[in-house]
Amino acid sequence: MSYEFLQQYWWFLVSLLGALLVFLLFVQGANSLVGSLGDDAEGRRLVINSTGRKWEFTFTTLVTFGGAFFASFPLFYSTSFGGAYWLWMIILFSFVLQAVSYEFQNKLGNLLGAKTFQFFLVLNGIVGPVLLGGAVATFFEGSNFIVAKENLVDVNSQLSTLNSQLPVISQWANASHGLDALLNPWVVVFGFAVFFLARILGTLYIINNVNDADIRSRANVRLMGSTIAFLVLFVAYLVHLLLKDGYAYDPVTGIISIEPYKYLHNFLEMWYLLVLLLIGVVLVLYGIIREYLNGKCQKEDVNCKSSNSKSIWPTGIGTVLTVLALLLCAGWNNTAYYPSTADLQSSLTIANSCSSEFTLTTMAYVSLLIPFVLAYIIVAWRKIDSKKLDKEEIRTDEAY
Amino acid sequence: MTHYLLSIDAGVVDWSRAQFALTAIYHWLFVPLTLGLAVIMGIVETCYYRTRKPFWKDAAKFWQKLFGVNFAMGVATGIILEFEFGTNWSNYSWFVGDIFGAPLAVEGIVAFFMESTFVAVMFFGWKKVSAGFHLASTWLTGLGATISAWWILVANAWMQNPVGCEFNPDTMRNEMVSFAEVALSPFAIDKFCHTVISAWIIGAVFVVAVCCWYLLKGREQKLAIESMKIAGIVGLVASIGAALTGHQSAARVAEVQPMKLAAMEALYNGGIDQSLTGIALINPFAQPDYEQEAEAPMKIAVPYALSILATNDPHGYVAGINDILNGYTKPDGTQELSIDEKIERGKLAINALAGYRQAKFASSDDGSVASAHLKVLQENMQYFGYGYLRDKSEAVPFVPINFYAFRVMVGVGCLLILFFMVVLFFLYKKDITTAPKWLHWSAIVMVPLAYIASESGWLVAEFGRQPWTIQDMLPTWASVSNLQSSSVIVTFFIFLALFTTMLAVEINILLKQIKKGPEYQS
């Protein structure tokens, strides 16, 4: 395995984790709709218990996404997390609140009341996808940072007092520490596109996972609303992406330059990513339309045979393929995946920000465990979902 | 003499340290109970699997409910810790991310998914999977948590004893050269054994305390006795194991972090035949005047014990703070440089690196200048981190915290061995239900004491390493992110409020659940 191959391989793995994370945001999507999917306390509890059996997967994927980035592209970890401090902190706060809310919300003695914890779940359901989407958008839109490795050996900075210049290599070039990203309308557009995609996935998951006609009917209505909003935002961003300039780097010299229509060129030169993107989008739409027709059938025809379309799967797989294609387009083909709007040459590429060949090789061997991990997740998931969740189970079995 | 409270820097470095310490301390309130309860509830469920008696199933479900309440908080605080390496210690993340990131990634892939997958089966799968599958899920949840502990402790051990890496002047960072050395370093193995075994004690103390409360109230006697039999044995074995692994850890610290050992012992001037201080009168808020004082005042010590602890030899040599500051000759005859000399050589290394980088990018250099700088860098690289120190006193960790925390840990640890012996005596030789009430109450009192001991262990590990984030390689002020201190202050207080509130909620829920007791299906 050459160093170049390992860099591409690890960008693929990180992108795959990112794509799986976006799919698993169905937990957040459904939680953001908990008030409108459940018409009473018991209905809301059913929705929360449905996502409550999966929230740990989303959480763990987020943590592993961070860990994989740290191991494979430490300069990104250092620059983005240390620079866009507030953006990441708000994301983390919302996930901390989510992590405890499932367990605490219906427990005797929870001090804050069930509604407070349900509010936390809704808050994470909105803030999580919007800001994670915004963070992903910065892979295309850029961020305001400077990388200067020489700071580490700047004698003046070393010997100065603590509160002046620190010998830090990655610096954010403004004082907003990541919140400035939200001033870019395209970051916001992409963030909300991810949010509405999460809602689509959330409604499809609930329809597939919950055995309750009323909740499923409500979910079907929310599905169409979210789909319209998602399509408008996603198509707008995709057109913007294909027409915008991108940051390219010379693989020999490492010099970074601006290239018009860079992402369009990437999709044309890496045609297989374009195919992946198109298949992904088609699958997303196929799942939505299939569920819409299924819902319509059940509403209009009491003898409708198709009671369960399992549309979460084509839409979910489509989501993974679409996001994977976008993230690979951001980093492959000599593209700077984390452009710096403050200093062109500070932009991060998979070549200048990755770990050493030894570490990438070692971690590549570790990554061979991933199929095994996926296999036991699938087995356990199927066992837990062998019977659809209903109100009776919530009343009589273990439940949040 | 430096007054500690006046020397706190209000800047981003100390606020970042405070935030990380806050998160780590809270995280360690939940993790040991998770690790400890995982073992006990695993054994309880195994009893159910073997006997198929409904009692054991009800008992397993009861302990799993308490486990679940605690588990969520461990998960919530854990995510913050991982990301804080990036958000607050971004320079660190670059300088050693090539090595440090790997264990965290492996932890995510190997351990977190195992935990998160099987914990859902454990909670919700009683009616959905076979008894064997459920039992496997319960054990795999605990195993996942333990594997997670392994990798994060590998990462922490590497900060104490950086091995398996080399500095690359072209990338300006340390790079891993041996994964085996990092993952299987003796320091990591000792740390894992000592930490995980001490976590089992917390689980055992918690279970015994809950059971004793039931006995005080005269209810759930069968659950209490059967659970105590398991927890008592786990607790005694773990307490003795913690003492043995603790000794091994201390010997390792003496070898690779002599300054930490000197601070733990308030040993100002070392030598052979060193005694272990039982207690001494040290101002808890001020750094002692180690340069002027011969030894800590009012010192009561056990002869030769420190030499045995550190070297397994009653006549072994142990270096004191002043020896390390001024340089000393090791028992093998090699000379350890003074801190001033290390600072000078560290500065040489830093300047050589700067010179190498300039020469490398200068078109006029034919390579000879860069090579000369590289030679100087390589000769002095092991002292690189010292080049960031401004004064030798910065190399001394804050003695009182290390001194008292070490004594609290060891003292309570010894008390725990005695406690579990008494509990097992009453369980097997007497009738624990009619045991004196002080025994039942002492079990409840042991819960906070065990936690204090456990946290004290971490205080020694982390305060003793100061001023370094990575021992001898990178001090805290060269590891931090370039943030305004106001940002870190705000997030510090948000975390403080959030974690404190959630801790109060968790404790209240646990108390209510315990008061409610198990739900018997049988």
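## A partly exposed aspartate and its partner

At 32% relative accessibility, Asp214(A) counts as partly exposed, a class lying between buried (under 20% relative accessible area) and exposed (over 50%), with a 1.4 Å probe and protein chains only. Its partner Arg218(A) is also partly exposed, with a relative accessible area of 26%, and the two side chains meet in a salt bridge at 3.3 Å, N to O, the term standing for a side-chain nitrogen of Lys or Arg within 4 Å of a carboxyl oxygen of Asp or Glu. Because they are 4 residues apart in helix H11 (residues 213–243) of chain A, Arg218(A) and Asp214(A) are separated by about one helical turn; helices here are DSSP runs of H or I with at least four residues, strands are runs of E with at least two, and both are numbered from the N terminus.

This is a predicted model, in which local features need pLDDT of at least 70 and side-chain atom pairs count only at pLDDT 80 or more, while totals for chains, interfaces and linings use all residues. Residues are numbered from 1 along each chain as its sequence is written, chains are lettered from A and ligands numbered from 1 in the order in which they are written, and side-chain values use heavy atoms, with hydrogens and water left out.

## Confidence in chain A

The predictor's confidence in each residue, pLDDT, runs from 0 to 100, and chain A averages 92, with 96% of the residues scoring at least 70. Over residues 158–164 of chain A, however, pLDDT stays under 50, and for this stretch the model has 17 contacts beyond four places in sequence, a contact meaning heavy atoms within 4.5 Å.

Side chains of opposite charge can pair when their charged atoms come close. Over all chains the count comes to 29 salt bridges. One of them joins Arg53(A) to Glu393(A), with the closest N and O atoms 3.6 Å apart; Arg53(A) sits in the loop between helix H4 (41–52) and helix H5 (55–72) of chain A, and Glu393(A) in helix H17 (residues 391–396), 340 residues apart. Both of these residues are buried.

In chain B, the side chains of Asp190(B) and Arg252(B) meet in a salt bridge at 2.8 Å, N to O. Asp190(B) lies in helix H7 (residues 186–217) and Arg252(B) in helix H8 (residues 221–256), so the pair ties together parts that are 62 residues apart in sequence. Asp190(B) and Arg252(B) are both buried. Salt bridges that share partners also join Arg53(A), Lys387(A), Asp390(A), Glu393(A) and Lys128(B) into one network.

## Where the chains meet

The contact between the chains takes 98 residues from chain B and 86 residues from chain A. The area buried between them is about 8,200 Å², of which carbon and sulfur atoms give 72%; buried area is the accessible area (1.4 Å probe) that two parts lose on being put together, summed over both. In chain B, Trp94(B), Phe124(B) and Lys128(B) lose the most area to chain A, together 10% of what that side buries.

Between chain B and chain A the count is 3 salt bridges, including that of Arg357(B) with Glu150(A), whose side chains meet at 2.8 Å, N to O.

## Two buried residues of chain B

Trp477(B), in the loop between strand S10 (474–475) and H16 of chain B, is buried with a relative accessible area of 10%. His27(B) lies in helix H2 of chain B and, at 16% relative accessibility, counts as buried. Residues up to four places away in sequence aside, His27(B) touches Gly74(B), Thr77(B), Gly78(B) and Leu81(B).
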